[in-house]
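Let's go through this model together, one feature at a time.

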Amino acid sequence: MDSTAPAATDRAASGADLAYDVFARNCPSRATLEHVTGRWGALTLGALHDGTFRFNELRRRVDGVSEKMLSQTLHALERDGLVHRDAQPTNPPRVDYRLTPLGQRVAGRLLALIECVESAQDAVIEAQRAYDSREGLGGR
């Protein structure tokens, strides 16, 4: 175990209010973290940060996601309290998705990470090329 990452009991003993420990095997926060940081979860939250979208608008915005994956992602994020689904009783039915206040908070932090990754991409590509060259991978 990394000595720089205090165990939940160490945090509790120090008076910290953190009741969950994502590093603990059975902590429920692990599933939420997976929903938020998985490819489709992160992109869906990032897309919804810009406003309210209907399903197909969101699907076009999150380029490459299948209908099934977007549906599963939205259900998970809705269950976690990050996304609000608003079904209008119209014909045909209209369903809009938007972030909850918690979703806005999480998406804001996630977008900061996304911007960090995007701005570092030239350095990442250079590191990948150097690695591939060193390992004889020929630039996979």
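**Reading the model**

A: Leu 43 sits in helix H3, residues 39–48; helices (H or I, at least four residues) and strands (E, at least two) are DSSP runs, numbered from the N terminus. This is a predicted model, where local features need pLDDT of at least 70, side-chain atom pairs count only at pLDDT 80 or more, and totals for chains, interfaces and linings use all residues. Residues are numbered from 1 along each chain as its sequence is written, and side-chain values use heavy atoms, leaving out hydrogens and water.

Q: Is Leu 43 buried or exposed, or partly exposed?

A: Buried means under 20% relative accessible area and exposed over 50%, with partly exposed in between (1.4 Å probe, protein chains only). Leu 43 counts as partly exposed because its relative accessibility is 39%.

Q: How far apart are Leu 43 and Val 62 in sequence and in space?

A: Leu 43 and Val 62 are separated by 19 residues in sequence, while their C-alpha atoms lie 6.4 Å apart.

Q: How do strands S2 and S3 run, and how many bridges join them?

A: Two strands pair if DSSP finds at least two bridges between them. Here S2 (residues 83–88) and S3 (residues 94–99) run antiparallel, joined by 6 bridges. A hairpin of 5 residues links S2 to S3, and Ala 87 stands opposite Val 95 in S3.

Q: What about side chains in a strand?

A: In a regular strand they alternate between the two faces of the sheet.
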